[in-house]
Amino acid sequence: MESRGRKSAASLATVKNNGITAIQRPLAPKDLTDEEAVEWRAVVNRMPADWFPRETHALLVQYCKHVVAARRVSDLIESLLSGETESEKWVDDYDKLLRMQDREGRALSSLATRMRLSQSTHYDKEKKTGTKIDRPWK
């Protein structure tokens, strides 16, 4: 039975456990490299705790692997352009690296969209800009 009258500020400020359980963020799998695990934690900590249910972990693992691979390809391109690598077929190597970079970018984009990490998946129809047409029949 509850007490009569208004509730005190102290009772309103008290948090009661109403069967609410804390949601743990998923830990990085042990098969990820250190660099991939850093990416995993950065993504997981950026999103709400319940954003990645167990069935999405494989996608997130692949996403982290592609991020690291994309960085490595970018480093290879930079070293090729800076002249750190000596190659007679410079243009062929550069072309292959650019194709690799494109593949990694497409894979990242696809995975980010599927896991709703990209900006396009956070589109708010309420904030849509554009001209509003007054319809005469309304």
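Mentor: A residue counts as buried under 20% relative accessible area, as exposed over 50%, and as partly exposed in between. Arginine 71 has 37%, so it is partly exposed. Keep in mind that this is a predicted model.

Trainee: What is the overall pattern of the protein chain along the sequence?

Mentor: The pattern reads α-α-α-α, with 4 helices and 0 strands. Of the 138 residues, 24% count as buried. The accessible surface comes to about 11,700 Å², and carbon and sulfur atoms hold 52% of that surface.

Trainee: Among contacts between residues at least 6 apart in sequence, how many join residues at least 24 apart?

Mentor: The share is 59%. The salt bridges give some cases to look at.

Trainee: How many salt bridges does the structure hold?

Mentor: Side chains of opposite charge can pair when their charged atoms come close. This structure holds 6 salt bridges. Take arginine 71, whose side chain meets that of glutamate 39 at 2.7 Å, N to O. Arginine 71 belongs to helix H3 and glutamate 39 to helix H2, so the bridge ties together parts 32 residues apart in sequence.

Trainee: Is glutamate 39 buried or exposed?

Mentor: Glutamate 39 has a relative accessible area of 13%, so it is buried.

Trainee: Which residue forms a salt bridge with lysine 65?

Mentor: Glutamate 36 does, with the closest N and O atoms 3.5 Å apart. This pair also links distant parts of the chain: lysine 65 is in helix H3, glutamate 36 is in helix H2, and 29 residues separate them. Lysine 65 is partly exposed because its relative accessibility is 28%. Glutamate 36 is buried, at 7%.

Trainee: Where do glutamate 35 and arginine 72 lie in the chain?

Mentor: Their side chains meet in a salt bridge of 3.5 Å, N to O. Glutamate 35 is in helix H2 and arginine 72 in helix H3, 37 residues apart. Glutamate 35 has 33% relative accessible area and is partly exposed; arginine 72, at 46%, also counts as partly exposed.

Trainee: Which residues are linked in a network of salt bridges?

Mentor: Glu35, Glu39, Arg71 and Arg72 form that network.

Trainee: Turning to helix H4, how far apart are its end C-alpha atoms?

Mentor: Helix H4 runs over residues 90-114, and its end C-alpha atoms are 36 Å apart. At 1.5 Å a residue, its 25 residues should span 36 Å, so the two values agree.

Trainee: Which residues of H4 are buried?

Mentor: In general, an α-helix has 3.6 residues a turn, so residues three or four places apart point the same way. In H4, the buried residues are Leu97, Glu104, Ala107, Leu108, Leu111 and Ala112. They pack against helix H3, residues 57-82.

Trainee: What comes just after H4?

Mentor: Arginine 116 is found there, with a positive phi of about 60°. Arginine 116 also lies over the face of tryptophan 51, 4.5 Å from the ring centre. As for ring-to-ring pairs, the structure holds 1 aromatic pair.

Trainee: Where is methionine 47, and is it buried or exposed?

Mentor: Methionine 47 sits in the loop between helix H2, residues 34-46, and H3. Its relative accessibility is 11%, so methionine 47 counts as buried. The C-alpha atom of methionine 47 is 9.5 Å from that of arginine 25, a residue 22 places away along the chain.

Conventions. Residues numbered from 1 in each chain as written. Predicted model: local features only at pLDDT ≥ 70, side-chain atom pairs only at ≥ 80, totals over all residues. Heavy atoms only, no water. Helix = DSSP H or I, 4+ residues; strand = E, 2+ residues; numbered from the N terminus. Expected span 1.5 Å × (residues − 1). Buried < 20%, exposed > 50% of the residue type's maximum accessible area, 1.4 Å probe, protein only. Contact = heavy atoms within 4.5 Å. Phe/Tyr/Trp six-rings, centres within 6.5 Å; stacked < 30°, edge-to-face > 60°. Lys NZ or Arg CZ within 6 Å of the ring centre and 35° of its normal. Salt bridge = Lys/Arg side-chain N within 4 Å of Asp/Glu carboxyl O. Areas by Shrake-Rupley, 256 points an atom, 1.4 Å probe, with all protein chains shown as cover.
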